[in-house]
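Let's work through some aromatic rings together. Have the sequence and the 3D view open, and try each task before you read its solution.

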Amino acid sequence: QVQLVESGGGLVQPGGSLRLSCAASGRTLPTYVMGWFRQTPGKEREFVATSTWSSRSIGYTNYADSVKGRFTISRDNAKNTVYLQMNSLKPEDTAVYYCGAGLRGATASRTYDYWGQGTQVTVSS
């Protein structure tokens, strides 16, 4: 059982930066694939970034093409927290951002077992 709480969202101007945090309680973070997704009204929850763990306990990251080079996902397993550093933000990045955790998490939201409540990110002048 995992509980997730996102924070760090807010209003930022285009070109600005935000750092989102996802604090997890329950099992330790290395047990799960961790992912960031975002959603706007009327649309499917969209993959943003995922941190995976190999059979050799080596982490790998994956990013949506729309955020590659601008966003960075990272994990602090000691703090049971995953981060999303967002730079060079664009108005089209505006969405509710969700943190997900799952034993089989990939790029589809259905592969995640636990979700936080989300945090609003608004990019506007």
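Predicted model: local features only at pLDDT ≥ 70, side-chain atom pairs only at ≥ 80, totals over all residues.

**Exercise 1.** Is Tyr 112 buried or exposed?

*Solution.* Residues are numbered from 1 along each chain as its sequence is written, and side-chain values use heavy atoms, leaving out hydrogens and water.

Step 1: recall the cut-offs: buried means under 20% relative accessible area, exposed over 50%, and partly exposed in between (1.4 Å probe, protein chains only).
Step 2: Tyr 112 has a relative accessible area of 5%, so Tyr 112 is buried.

**Exercise 2.** Which kind of aromatic pair do Tyr 32 and Tyr 114 form?

*Solution.* Step 1: rings of Phe, Tyr and Trp (its six-membered ring) pair if their centres lie within 6.5 Å; planes under 30 degrees apart are stacked, over 60 edge-to-face, and the rest tilted.
Step 1: the rings of Tyr 32 and Tyr 114 are 6.1 Å apart centre to centre, with 90° between the planes, which makes the pair edge-to-face.

**Exercise 3.** Which residues do ring pairs link into a cluster with Trp 115?

*Solution.* Step 1: the cluster joins Phe 37, Phe 47, Tyr 112 and Trp 115.
Step 1: Trp 115 is partly exposed, at 25% relative accessibility.
Step 2: the charged end of Arg 45 sits over the ring of Trp 115, 4.7 Å from its centre (CZ of Arg or NZ of Lys must be within 6 Å of the ring centre and within 35 degrees of the ring normal).
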